[in-house]
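Let's take a look at the ligand site in this one, and then at some aromatic side chains. Here is the structure to follow along with.

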Amino acid sequence: MDPLQLLGAHRSIRSYRPDPIPDADLDAILHAATRASSSGNMQTYSIIVTKDAARRDALWEIHSRQDMIRQAPVLLTFCADWNRMVKWCRARDAEPGYDNFLSFLVAFADAMIAAQNAAIAAEGLGYGICYMGTTLCAPTKLIDFFGLPERVFPATTLVVGRPDEDPDLRARLPIDGIVHDERYRDPGAARVLEVYHDRETEGWNRYMSFPELKAKILESGVKNLSQVYTQLKYTRGENEELSAELLEQLVRQRFLSEE
Ligand SMILES: Cc1cc2nc3c(=O)[nH]c(=O)nc-3n(C[C@H](O)[C@H](O)[C@H](O)COP(=O)(O)O)c2cc1C
């Protein structure tokens with residue numbers, strides 16, 4: 001398929017058939033992931049493939065019981081990883097200086113770019129994918145579950161499998177609300193409302209179409225889409241709690257020091 005057509009046809013898939021992914025296809029997806037650009041070509045990431053049903057069940061629990069984790073045959077967990085590189089440096093009498101926040105960001109970016117390559121390759125082969133943001137909500141459990149050593153950190157997870165649904169494309173904000181010409185133009189309130197105009201209706205209607213979410217919205221008394229985000233989906237309390245856990249685990253994995 002034409003690459004622009006492929007990118008333009010992307011939808012996250014949240015319902016999967018159990019059909020296994022043939023090794024040749026999985027190999028092609030993983031190969032595409034490793035062909036991604038990476039900082040200094042250091043490839044500071046690792047990809048953990050999970051197919052085993054019992055281990056997928058355990059990951060379903062860790063990932064807030066998102067059912068697609070149990071349905072899809074393959075989960076790919078992308079980790080920021082300096083462990084391999086540091087060991088190589090030490091074996092070659094080179095002293096690594098990669099136990100710091102910059103190195104974490106470099107490896108995290110590498111992992112995410114590799115993940116997106118895998119996602120596009122999978123879609124090109126006719127599979128569906130969905131990212132699991134819950135990877136960042138459960139760093140402690142995932143580090144223990146996968147036995148991640150120091151200098152390795154879970155970045156994101158991709159669910160991959162044959163789609164069992166055919167959802168519509170989800171709308172995006174207008175491009176001219178996102179792209180700036182030469183200099184950043186800070187939008188005023190009126191311009192921001194213009195940029196979000198269609199999203200406010202589309203997003204609200206979508207959330208109200210899920211019976212569980214609709215009940216939560218009605219019960220909570222939230223009045224608009226931005227309140228759904230701030231009061232129900234991504235709250236300050238939860239964000240602060242998860243940030244504290246992430247910082248603690250970054251110390252544990254030696255990307256940040258304790259002070
Ligand atoms: C980093 C990241 C984490 C995500 N986490 C989840 C998730 O945990 N569960 C989910 O259902 N969708 C998740 N998504 C999918 C987004 O909700 C989806 O990309 C967005 O709503 C746009 O829809 P589309 O991908 O179908 O165009 C995630 C996407 C990204 C990029």
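## Where the ligand sits

The ligand sits in the largest pocket. Keep in mind that this is a predicted model, so read the distances below as computed from it.

What surrounds the ligand? There are 13 residues around it, and the closest are His-10, Ser-12, Arg-14, Gly-133 and Arg-170. Sort that shell by residue type and you get 4 nonpolar, 5 polar and 4 charged. As for where the shell comes from, strand β3 (residues 128-132) supplies the largest share, with 3 residues.

On the oxygen side, His-10 puts a polar side-chain atom 2.6 Å from an oxygen atom of the ligand.

Gln-66 reaches one with a polar side-chain atom, at 2.8 Å. As for cover, the ligand on its own exposes 620 Å², and the protein buries 68% of that.

## Aromatic pairs

How many aromatic pairs are there? The count comes to 8. One of them brings together Trp-82 and Tyr-98. Their rings are stacked, 4.3 Å centre to centre, with 20° between the planes; under 30 degrees counts as stacked.

What does this pair tie together? Trp-82 lies in the loop between β2 (74-81) and α5 (83-91), while Tyr-98 lies in the loop between α5 and α6 (101-124), so the pair links parts that are 16 residues apart in sequence.

Key
Residues numbered from 1 in each chain as written. Predicted model: local features only at pLDDT ≥ 70, side-chain atom pairs only at ≥ 80, totals over all residues. Heavy atoms only, no water. Near = heavy atom within 4 Å. Polar contact = N/O pair within 3.5 Å; in protein donor to acceptor, adjacent residues only side chain to side chain. Areas by Shrake-Rupley, 256 points an atom, 1.4 Å probe, with all protein chains shown as cover. 1 Å grid on protein atoms, 1.4 Å probe; cavity = no way out; pocket = protein on both sides within 12 Å on 5 of 7 lines; lining within 4 Å. Sits in = over half its atoms within 2 Å of the grid points. Helix = DSSP H or I, 4+ residues; strand = E, 2+ residues; numbered from the N terminus. Nonpolar A, V, L, I, M, F, W, Y, C, P; charged D, E, K, R; others polar. Phe/Tyr/Trp six-rings, centres within 6.5 Å; stacked < 30°, edge-to-face > 60°.
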